[in-house]
Amino acid sequence: MSTTSADLLARLDAFRDATLAQLEAAASLEALEAVRTASVGRTRGALNDFKTQLPQLPAPERPAFGAKFNAVKVVLEHAIEERHAALTASRPAPAALDLSMPARRQWRGGKHPVTLVMEEIESIFRDLGFTIATGPEAEHEWYNFGALNFPPHHPAMDMHDTLYLEGGGLLRTHTSPVQIRTLQSYPPPIRIIAPGNVFRRDFFDASHAPMFAQIEGMAVDEGISFVDLKATLANFANRFFGQTITRFRPSFFPFTEPSAEMDVACRICNGSGCATCKQTGWVEILGCGMMHPNVLEAAGVDSERYSGWAFGMGPGRMALQRFGIPDIRLEYDSDIAFLEQFAQ
Ligand code: PHE
């Protein structure tokens, strides 16, 4: 028996009415979506089944059926849209904010361990009556070497140690040029510390880096002696390290005479020897000495009337000691897991 147009049209009406009833009954967006896919859905919709019947109709009857098919489709799609709008509008409002819920933890960042150490050193010396001075990182050779009594062709000026800039000048290899710049700007009495970065062509190992922080210290006045230097540094070490053994060793710098270096007993290995202290049990934290008269004179200070002392300390090394950091390279790695431990 061949399908007749009247049959199909009647079934299409019945399908439409049944689907409209289902849409009316759909109580949620999920239920509505289920009705939609089962009726007008592109792959599983029952309406498609009617379309496949079209070729079986006698040709003259096809246009009327096609028109009816399209009309039903439009009616159903419209009804689905309306039902969707109605269900969306009647959805319950979101629950009120729960103000007692714990807030999400916010990471605010923290200071680098070397910064923490520098700030502490600065604060100790401020308590002792020192002010903070600064100078440029790109320096003239004269400030970095000449004025500091380096003889011409001193090995420290070698290309191996110093980073020279194109067209003259260099990256300062220590903060000592700030001694000269300060003396040129202010008359004694002077007590300053000068924190800043310095640059050397060092190998990068457990205790050396090509750029590192230094803090210069200087006191110039009438009658300043080595006693003042030792007392100041001993006082500083007691405040900074607490109960730590220090020792002074005679040393040499062109800009100080006499010169010394101050060591602290290594706190990484408690003096028994490790990579940080190169198995000696001691770590050098600063160089110091009485300012050479030539340095005072180069800066325009009367060395008959005034004397002074200076030191240069390495806060990077002091941070290793202070926090028990085993390798100075950790200070340069920007490893958040490492740095997080110092956040306050
Ligand atoms: N400038 C010296 C250095 O970098 C340290 C120092 C400073 C020594 C002042 C004596 C006096 O090693």
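# A tour of the seven-stranded sheet

Begin by colouring the strands: seven of them form an open sheet of mixed pairing, in the order E1-E4-E5-E9-E8-E7-E6, where two strands count as paired if DSSP finds at least two bridges between them. Helices (H or I, at least four residues) and strands (E, at least two) are DSSP runs, numbered from the N terminus. The edges of the sheet are strand E1 (131-132) and strand E6 (246-253), each of which pairs on one side only. As you follow the strands, keep in mind that strands of a sheet pair through backbone hydrogen bonds, either parallel or antiparallel.

Before going further, note that this is a predicted model, in which local features need pLDDT of at least 70 and side-chain atom pairs count only at pLDDT 80 or more, whereas totals for chains, interfaces and linings use all residues. Residues are numbered from 1 along each chain as its sequence is written, and side-chain values use heavy atoms, with hydrogens and water left out.

**Stop 1: strand E8 and its partners**

Select strand E8 (residues 282-291), which is joined by five bridges to strand E9 (residues 307-313), the two running antiparallel. Because eight of its ten residues are buried, E8 is largely enclosed by the rest of the structure; buried means under 20% relative accessible area, exposed over 50%, and partly exposed in between, with a 1.4 Å probe and protein chains only.

**Stop 2**

Leaving aside neighbours within four places in sequence, Glu261 is in contact with Arg247, Phe248, Arg249, Ser251, Phe253, Glu284, Leu286 and Gly287, contact meaning heavy atoms within 4.5 Å. The same strand E7 also holds Pro258, and the peptide bond leading from Glu257 to Pro258 is cis, with omega near 0°.

**Stop 3**

Helix H7 (residues 177-185) lies across E4, E5, E8 and E9, and runs at about 40° to E5. For these angles, axes are lines fitted to C-alpha atoms, for helices over the stretch in contact, and the values run from 0 to 180 degrees between N-to-C directions. In the loop between H7 and E4 you will find Pro189, which is joined to Pro188 by a cis peptide bond with omega of about 5°.

**Stop 4: the ligand**

Centre the view on the ligand, which 14 residues surround, the closest being His174, Ser176, Arg200, Gln214 and Gly312; a residue is near a molecule if one of its heavy atoms lies within 4 Å of it. An N or O atom in the side chain of His174 is 3.0 Å from a nitrogen atom of the ligand, and a polar side-chain atom of Ser176 likewise lies 3.0 Å from a ligand nitrogen atom. For Arg200, an N or O atom in the side chain is 2.8 Å from an oxygen atom of the ligand. A polar contact is a pair of N or O atoms within 3.5 Å.

**Stop 5: the cysteines**

Display the cysteine sulfur atoms, and take a disulfide to be a pair of them within 2.5 Å; by this rule the count comes to zero. The sulfur of Cys269 is 3.7 Å from the closest cysteine sulfur, in Cys277, which is too far for a bond, and Cys269 counts as buried at 13% relative accessibility. For Cys288, the closest cysteine sulfur is in Cys266, 20 Å away and too far for a bond; Cys288 is buried, with a relative accessible area of 1%.

**Stop 6**

Finish with residues elsewhere in the chain. Lys278, in the loop between E7 and E8, has a positive phi of about 50° although it is not a glycine. Asn149, in the loop between helix H6 (141-144) and strand E3 (170-171), has a phi near 70°, again a positive value in a residue other than glycine. Lastly, select Thr19 in helix H1 (residues 5-25), which is buried at 3% relative accessible area and, apart from neighbours within four places in sequence, is in contact with Val35, Ser39 and Leu76.

Notes: A polar contact is a pair of N or O atoms within 3.5 Å; within protein, one must be able to donate a hydrogen and the other to accept it, and residues adjacent in sequence count only if both atoms are side-chain atoms.
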